[in-house]
Amino acid sequence: MREDGTWTFDEATLLGAADLLASMKKIPPRSRLSQQGNLFLSVFDPTMQKSTAGDWLFFVIWSMGGVALAWGVGKLLSKIKGWRQEAGDGLLLPLINGVILPSYLLIITISIAIGSARLHFHPTLAALRTGVIEAAVILAGVFLIVALIELGCLGVRRTFFANDDPYAKMVSIMVRRAVRILAGTLIAIFLLQNVLHLDVSALLGGFAIIALALSLAAQDAVKNLFGAFTVFATRPFMSGDWVRFDGQIGTVEDVSLQATKIRLLSGEVYSVPNMKFIDTPVENLSERKYLRRVMDIAITYDTPPMKVREAMEILKDILSSQDVTAAGQGDLDQHPPKVWFDKFGSHYLNLRADYWYLMSTNEGEIQRDTERGWFSYLDHATVINHKVLERFNDAGIDFAFPTQSLYLANDPDRGLRIEQTEGMEATS
């Protein structure tokens, strides 16, 4: 180096410069030990050092004021919700429910944004603050839009369908759930791209192989989704219907995108994947207009023919009586009760009686449209059974039931022999 501070190189040094540079590239970089741990401080130091006590007090006052205001607005909305609920307003309640959470989020976000405006932030924290505020405001807006869409679905249902239409209720619930899922997906994409600054398209492309594996594993989920569409398209049942499926009887409580929940008679919830409804028959008991009962009454073989005819007349008289017909809403002209002496059983005489228990006197109404059903049918059957028991006992007609008799016989060639026969004996 010369006295004026300039460097001079001889020819040999210049010729070896390339090799020197190549060898230096092989040396791994070393972190600056003196700056370890200072990155965190360098980000938060401007906020701590340059923000005054007045700035912090301004932030605390606005933040606490925002929380207090959000609490007050929430209490007011809850009171309005209670008033409308007592008034029976089912249209405004979903909007109030949907506005409560966005109000909390929006008021607190705005108050914190105003309060933190006087604080000094490192550029990294400033960008993060802006992103969080934008995300919170958009999140509140999405919640509000979802509430408005749900209100619109409810308004459409109330306008074009009856308030107690079960199919309209079921479709409305499904649309609202789909809107919530779509809104949640859009919020997640926005947060990943605008707050965390991740390239969502590249992220989704990187998950292509994983998505392929998941698609293979999620075949049942896709089938269940198509099963839900099949339920809504063909309408084999609706929420609240009595159904018999796979040997189980219960009421349909909920139809979701993946499974249908059936409340069994025993109290348990039977969860059925929707794909089973594509190729498995389901009986909708709420669609029936009547219940047809077949009664088999066995009487003893020693019953005289005259008593058999009397028993048949008793059954016809009971099933055609005013109280039984009125309770069963039966139509004696279109559905008269039938009684037959239909067969000689192995050890009994069988009388068969058929009668109908109607759900409504109106031709178009089904069980779903009435208060009648399986339990009211059993109450009606109990009344008939009591009448049959009383009238048969008064007439001296005996019911038959199976018995076994053992006979001891003394066989001179084989000794003591036991013979067993089966028969039917009378109840008297």
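**View 1. Strands S1 and S5 are joined by two bridges and run antiparallel.** Here two strands count as paired if DSSP finds at least two bridges between them, and strands (E, at least two residues) and helices (H or I, at least four) are DSSP runs numbered from the N terminus. Look for Val 243, whose bridge partner in S5 is Asn 284. A word on the model itself: it is predicted, so local features need pLDDT of at least 70 and side-chain atom pairs count only at pLDDT 80 or more, while totals for chains, interfaces and linings use all residues. Residues are numbered from 1 along each chain as its sequence is written, and side-chain values use heavy atoms, with hydrogens and water left out.

**View 2. S1 and S2 form a hairpin with two residues between the strands.** S1 (residues 242–245) and S2 (residues 248–255) pair in the antiparallel sense over four bridges. Val 243 turns up again here, standing opposite Gly 250 in S2. In this hairpin, Asp 246 takes a positive phi near 55°.

**View 3. S2 continues into S3 through a hairpin of three residues.** Five bridges hold S2 and S3 (residues 259–264) in an antiparallel pair. Val 252 has Ile 262 of S3 as its bridge partner.

**View 4. Five strands make an open sheet in the order S4-S3-S2-S1-S5.** The pairing is antiparallel. S4 (269–273) and S5 (283–284) stand at the edges with a single partner strand each, so one side of each has no neighbour in the sheet.

**View 5. Helices H12 and H14 cross at roughly 150°.** The axes of H12 (residues 305–319) and H14 (residues 374–395) come within 10 Å; they are lines fitted to C-alpha atoms over the stretch in contact, with angles from 0 to 180 degrees between N-to-C directions. Contact (heavy atoms within 4.5 Å) involves residues including Ile 314 and Leu 315 of H12 and Ile 384 and Val 388 of H14.

**View 6. The largest nonpolar core has 23 residues.** Such a core is a set of buried Ala, Val, Leu, Ile, Met, Phe, Trp, Tyr and Cys residues joined through side-chain atoms within 4.5 Å, where buried means under 20% relative accessible area (1.4 Å probe, protein chains only). Ile 297, Ile 299, Leu 315, Ile 384, Val 388 and Phe 392 touch the most other members. H12 gives the most to this core, with seven residues. A second, separate core of 11 residues includes Val 243, Val 252, Val 255 and Val 272.

Conventions
Buried means under 20% relative accessible area, exposed over 50%, partly exposed in between (1.4 Å probe, protein chains only).
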